[in-house]
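Work through the exercises below with the sequence and the model at hand. Each task is followed by a solution in steps.

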Amino acid sequence: MADSESLSGLLSACRLVCREYKSENTVVKIGEAAIGGEGPTIIAGPCAVESEHQILEIARLVKSHGIRIMRGGAFKPRTSPYSFTGLGEEGLRLLAKARRETGVRVVTEVLDAMDVPIIAEYADMLQIGSRNMQNYKLLKAAGRANKPVLLKRGMSARLDEFLMSAEYVMSEGNEQVVLCERGIRTFVEYSRNTLDLNVIPAIKQLSHLPVIVDPSHGTGHRSLVEPMSLAALAAGADGLIVEVHPQPEKSWSDPEQALSPEGFARLVDKVNHFIDWQKQYAGLATQT
Ligand code: PEP
Ligand code: MN
């Protein structure tokens, strides 16, 4: 345990998120899907809900690949107030309709503590985005909701800060938290962010919570999504959250990073191959 001892000094104030509190891995259930259990879980969908036609088409597409959780923003945090900031409550209703028609579960972002009850009414999982990772009022409100929480890492957050934000949610009684690495700000400008895959094994040492990776926001380029997805799984991530759109270049937000239906099919195929390889590798590892 020498390795984890060197990291454990990071978290002196931690109670609930730490392995000391709970040694076995937490499995977060979203309907009949789970994150943190056997094998990686893929969450996929558009950056934003744009229309009934768009969200239904994507729900059917992801379902056809065996995916059981769809993403889609109804309330969008945008850098410019003049950009599309989401369909709001109408977007929530469309997500709920897509779920009714296909059975896929939905995760959507909550921007404000006051919106937690309405989003919890429509969604299966509440997403707290990078920009809000240290919005403590929102974290506490999500902690009082009876829904799993997807907590994205702040773009300049250290690992201890990230885990203490999860502690805020858990300290209000909600232990169903999934962490998400989505890239951090560095000096590089060829990619939107720098995906910090070091953090995956570090979180696994320190915490029992599941951790997934968002290679869409982590890279900002669709051509980088597949290789970084596989790298994330090799680093031990419990799953992926990726953006996909029927016509990526026409997405109302983040058009550069959305996968096409063909690109998404290839990703799912590669992930399935990776899972097969991982099982064989685990078998080999236990033989030696
Ligand atoms: C998103 O997933 O829709 C999003 C805005 O991501 P992030 O909070 O990681 O920027
Ligand atoms: Mn996006």
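**Exercise 1.** State how many residues line the largest pocket, and which lie nearest its centre.

*Solution.* The lining of the largest pocket comprises 21 residues, with Pro77, Arg131, Arg192, His217 and Asp254 nearest the centre. A pocket here is an open set of points on a 1 Å grid over the protein atoms alone where a 1.4 Å probe fits, with protein on both sides within 12 Å along at least five of seven lines; lining residues have an atom within 4 Å of a point. The model is predicted: local features need pLDDT of at least 70, side-chain atom pairs count only at pLDDT 80 or more, and totals for chains, interfaces and linings use all residues. Residues are numbered from 1 along each chain as its sequence is written, and side-chain values use heavy atoms, without hydrogens and water.

Asp, Glu, Lys and Arg count as charged; Ala, Val, Leu, Ile, Met, Phe, Trp, Tyr, Cys and Pro as nonpolar; the others, Gly among them, as polar.

**Exercise 2.** Describe the lining of the second largest pocket.

*Solution.* Start at the centre: Pro40, Thr41, Ile42, Gly66 and Arg68 are the closest of 17 lining residues. Then assign elements (DSSP runs; helices H or I of at least four residues, strands E of at least two). Strand E2 (33-35), strand E3 (41-45) and helix H10 (261-287) each give two or more residues, and H10 gives the most, four. By class, eight are nonpolar, six polar and three charged.

**Exercise 3.** Which residues does Leu151 contact beyond four places in sequence?

*Solution.* Taking contact as heavy atoms within 4.5 Å, the partners include Ile128, Met133, Phe162 and Leu179.

How values were computed: Chains lettered and ligands numbered in written order.
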